[in-house]
Amino acid sequence: MLPMKMRALGLKMALTTKLAQDDLHVIDSLEVPTLDPQYLQDLAQYRHWGDSVLIVGIDTNFPENILQATSKLKTINLIPAIGLNVYSILKHQTLVLTLDTIDFLEEKLLWQDKRYCPLYSFKLPYSDLP
C-alpha cells in the first residue's frame with residue numbers, strides 16, 4: 001500500500017484533472033424528488049454529465065430517494081467521501097460532489113500538506129560538517 005501522503009497527492013491530482021476536463025460538478029444536496037431511476041438518467045443527460053457518473057456524499061446516510069434510484073442503475077454510483085479514491089474517480093466520466101463533501105475533502109487534503117513528522121532530529125551527528 002502506498003504511503004498516505006502519496007495517496008492524498010494522487011487524489012488531489014485526480015480531482016484537479018476532473019476539474020480541468022470540466023467533468024467535476026458541485027450540487028447543494030443529494031435530495032431528489034422521486035424514486036424513479038429514469039429521473040436521474042434524464043438529469044444526467046440534461047446536465048451533460050456523460051455516460052458514467054460518480055456521486056459523492058459526505059457520509060453513508062444518503063437520502064432514501066437517491067439510494068432507491070441509483071440501486072437500479074449501473075451508470076450512476078454513490079460513494080461516501082471517506083471512500084473516495086483515485087480509481088473510482090478515473091473510472092467514471094463525471095464526478096459530482098456536494099458542498100459538504102468539498103469542505104470535508106478540502107480539510108483532509110490540506111491537512112496532509114501541513115502534516116510533517118520528522119524521522120530523526122535535525123542535529124547533525126558531526127560538529128565539523130558545514
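Tutor: Start with what a pocket is. On a 1 Å grid over the protein atoms alone, a pocket is an open set of points where a 1.4 Å probe fits, with protein on both sides within 12 Å along at least five of seven lines, whereas a cavity is a set from which the probe cannot get out; lining residues have an atom within 4 Å of a point. By that rule the second largest pocket is lined by K12, L15, T16, L19, L24, V26, L97, I102, L105, E106 and L109.

Student: What kind of model is this, and how are its residues numbered?

Tutor: It is a predicted model, in which local features need pLDDT of at least 70 and side-chain atom pairs count only at pLDDT 80 or more, while totals for chains, interfaces and linings use all residues. Residues are numbered from 1 along each chain as its sequence is written, and side-chain values use heavy atoms, with hydrogens and water left out.

Student: What volume does the second largest pocket have?

Tutor: A volume is the space filled by probe spheres set on the grid points, which are joined across faces, edges and corners. For the second largest pocket this is about 180 Å³.

Student: Which elements supply at least two residues each of its lining?

Tutor: Elements are DSSP runs numbered from the N terminus: helices are H or I of at least four residues, strands E of at least two. In the second largest pocket, α1, β1 (24-27) and α5 each supply at least two lining residues.

Student: How does that lining divide by class?

Tutor: Ala, Val, Leu, Ile, Met, Phe, Trp, Tyr, Cys and Pro count as nonpolar, Asp, Glu, Lys and Arg as charged, and the others, Gly among them, as polar. The lining of the second largest pocket has eight nonpolar, one polar and two charged residues.

Student: How does the largest pocket read on the same terms?

Tutor: The largest pocket holds about 360 Å³ of space. Its lining has 15 residues, and M4, L11, I82, L84 and L109 lie nearest the centre. The lining divides into eleven nonpolar, two polar and two charged residues. At least two lining residues come from each of α1 (4-20), α4 (86-91) and α5 (99-114), with α5 giving the largest share, five residues.

Student: What length does α5 reach, and what is expected?

Tutor: The expected span of a helix is 1.5 Å times one less than its number of residues. With 16 residues, α5 reaches 23 Å from its first C-alpha to its last, close to the 22 Å expected.

Student: Which residues of α5 are buried?

Tutor: Buried means under 20% relative accessible area, exposed means over 50%, and partly exposed lies in between (1.4 Å probe, protein chains only). In α5 the buried residues are T101, L105, L109 and Q112. They cover an arc of only 45° around the axis, which puts them on the same side of α5; the arc is that of the directions from the helix axis to the C-beta atoms. E107 and K114 are exposed on the other side of α5.

Student: Which elements do the buried residues of α5 pack against?

Tutor: Contact means heavy atoms within 4.5 Å. The buried residues of α5 pack against α1, β2 (53-57) and β4. As for α1, M6 lies in that helix and is partly exposed, with a relative accessible area of 46%. M6 and Q112 are 106 residues apart in sequence but 9.6 Å apart in space, C-alpha to C-alpha.

Student: Which residues are buried in α2?

Tutor: In α2 (residues 37-46), they are P37, L40, L43 and A44. Seen down the axis of α2, these fall within an arc of 120°, so they line one face of the helix. The face turned away from this buried side carries the exposed residues Q45 and Y46. The buried residues of α2 pack against β2, α3 and β3.

Student: Which residues does T94 touch, on the same terms?

Tutor: T94, in strand β4 (residues 94-98), touches K18, D23, H25, W49, G50, S52, V53 and L54, not counting residues up to four places away in sequence. At 1% relative accessibility, T94 counts as buried.
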